[in-house]
Amino acid sequence: MPRLFAAALAGTLLWLVPSLPTVHPNDNRVPAGHLRDGVLTLRLVVAMARWYPEAKDGPYTDVAAFSEEGHAPQVPGPLIRIPVGTTVDVSVRNALADSTIYWHGFTTKPAAANDSVAVPPGETRTVRFTAGQAGTYLYYATLGTVNYDIREREQLTGAFVIDEVGARTDDRIFVMDIWGEPTDSVTYPNALAINGRTWPYTERITATVGDSLRWRVINGTTRNHPMHLHGFYFRVDAHGTFLRDSVYRSGQGRLAVTEDLSVGETMQMAWEPNRPGNWLFHCHITFHVIPGARLVPSPESAHAGHALDPRSHMAGLVLGIQVKPSRGWVEPPRLSPRQLHLFVNEGPTRHHAPRALGFVLQRGDTPPAPDSVEIPGSVLVLTENEPTDITVVNRLAEATAIHWHGIELESFSDGVAGWSGHDAHLAPVIAARDSFTARLTLPRAGTFMYHTHLDDVEQLTSGLYGAIVVLEPGRKFDPRTDHVFVVGWDGLTEPPHLVVNGDSAASTPLSFAAMTLKRYFPGGRSV
Ligand SMILES: [Cu+2]
């Protein structure tokens, strides 16, 4: 029975309006069902519910959602978490008025194919199977009445985790799902949620320096999401699909700062914050984290009042992590850092983008001309473990912020205005005509990038991105033999204009001089 609530109108009239139950965001900490004598019994219902993916009193949308029989509806769906060898006895009752549902994923793992069972309105179907191989999976249901080519209705998605017998089960599980509804050619309200909430209303993860964080991340959406962790590497211990997981053998996990989760894919990851401060784990597809990615899209704004607050310059698939210092933690000393000056300039328009913005490194004693622009930005050649201060001088008439991507650094320099840092000591935007000094010490040689982290779509496609090359001590960067290629977008056109090193790949052939390949290593060894 739908609950009833009374609403007063104009102070005199009372209306009785049937109300939908409210969705509870599911943090995936408590497994659903009853596990007894090796059998998990789970009774699920699919019914309409009112989902508030932002604030509890914010915008909402009515969705079909799973609940356990007799409990509140949940997005994502109730967590199935069982040890290897468990028999799963699951039933689904379709309480929708007019839509057949098709469930998927209630099969033994690994599964050879994507099963599908139809449940007409008002009916119940039950299935019994052995769980199968340990891993991270998902189950989901689709609605017969929804055209999934146009709309996204992914709230009927839940985590399905099978643990080795006796394994720890105190890791965290994050499930992504999207609701999307194009209303016309330009308006696309959507909610991109992690565990039923969108940024900044997603759960805050708290940790202490030295903790070991173990996460399972599940992509229950029909888009792919390269999931990026600020400031740290994480170890990918497994990457699989909802049908089959592939666990790396202990100690063989890859290190990554970004792991792309394709449709229906899952991963297990582990990381240890060894520096305190505020950090982000988010999808690196700009359109999934900009203010437009909301149920009531708000225009992206770099004006100071908005830009200072990450609650308004980001949205969607973002998790915030707050790391406290451990007892006795001291900031490592930084002795006589190397000083670089990086200018944010605007120059004459070049191709499709309405503006040309670029990062230009000062070389020598004279700052670069204010209208000089390099797209991509100057390659920053840095040395492993050498403290380096980069003073970013913003010559634009608007604010910006710079993120040093893939770099292990102090939180305050990480580039998320209003979030990076800790407690009340939060990094500001780099206001128009202002500057900011990022304090980097790079513990790892390799190839990285830096890019704007504000007004992302406009500033990125205008040119605010570049490469960082970190060399081992003693190695030299030689542009005749060290070639850096950076791919970007030139302007926000449809279809996008992809450029390599700021140019259309089709325009100019690259020419190389033939020479003997000689690569020098510290100590003089050559190959
Ligand atoms: Cu994404």
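Student: How are the donor residues of the copper ion spaced in sequence?

Tutor: The model is predicted, so local features are reported at pLDDT of at least 70 and side-chain atom pairs at pLDDT 80 or more, while totals for chains, interfaces and linings use all residues. Residues are numbered from 1 along each chain as its sequence is written, and side-chain values use heavy atoms, with hydrogens and water left out.

The spacing of the copper donors is H-x57-C-x4-H. H225 lies in strand β20 (residues 225-229) and H288 in the loop between β25 (277-283) and α1 (304-307), so this pair ties together parts that are 63 residues apart in sequence. Helices (H or I, at least four residues) and strands (E, at least two) are DSSP runs, numbered from the N terminus. The protein donors are ND1 of H225, SG of C283 and ND1 of H288, at 1.9 to 2.0 Å from the ion. Donors are N, O and S atoms within 2.8 Å of the metal (3.2 Å for Na, K and Ca); water is not among the atoms, so sites may look incomplete. H225 is buried at a relative accessible area of 0%, and H288 is buried at 6%. Buried means under 20% relative accessible area, exposed over 50%, and partly exposed in between (1.4 Å probe, protein chains only).

From the site one may turn to the packing of the chain. The largest nonpolar core has 63 residues, of which W215, F281 and W404 touch the most other members. Such a core is a set of buried Ala, Val, Leu, Ile, Met, Phe, Trp, Tyr and Cys residues joined through side-chain atoms within 4.5 Å. Domain 2 (204-324) and domain 3 (338-500) both give residues to this core, so it lies between them; the domain bounds come from an automatic or database domain assignment. Leaving aside neighbours within four places in sequence, W215 is in contact (heavy atoms within 4.5 Å) with residues including R172, F174, M267, W271 and F281. A second, separate core of 27 residues includes A64, I82, I101 and F160.

Ring pairs link F174, W215, F232, F234, W271, W279 and F281 into a cluster. Rings of Phe, Tyr and Trp (its six-membered ring) pair if their centres lie within 6.5 Å; planes under 30 degrees apart count as stacked, over 60 as edge-to-face and the rest as tilted. The structure holds 18 aromatic pairs. In one of them, the ring centres of F66 and Y139 are 5.4 Å apart and the planes stand at 65 degrees, so the pair is edge-to-face. F66 belongs to strand β6 (residues 61-68) and Y139 to strand β13 (residues 135-143), 73 residues apart. F66 and Y139 are both buried. Y137 and F160 also form an edge-to-face pair, with 6.3 Å centre to centre and 70 degrees between the planes. Y137 lies in strand β13 and F160 in strand β15 (residues 157-163), so the pair ties together parts that are 23 residues apart in sequence.

The charged end of K109 sits over the ring of Y137, 5.4 Å from its centre. The criterion is NZ of Lys or CZ of Arg within 6 Å of the ring centre and within 35 degrees of the ring normal. The peptide bond from K109 to P110 is cis, with omega near -5 degrees.
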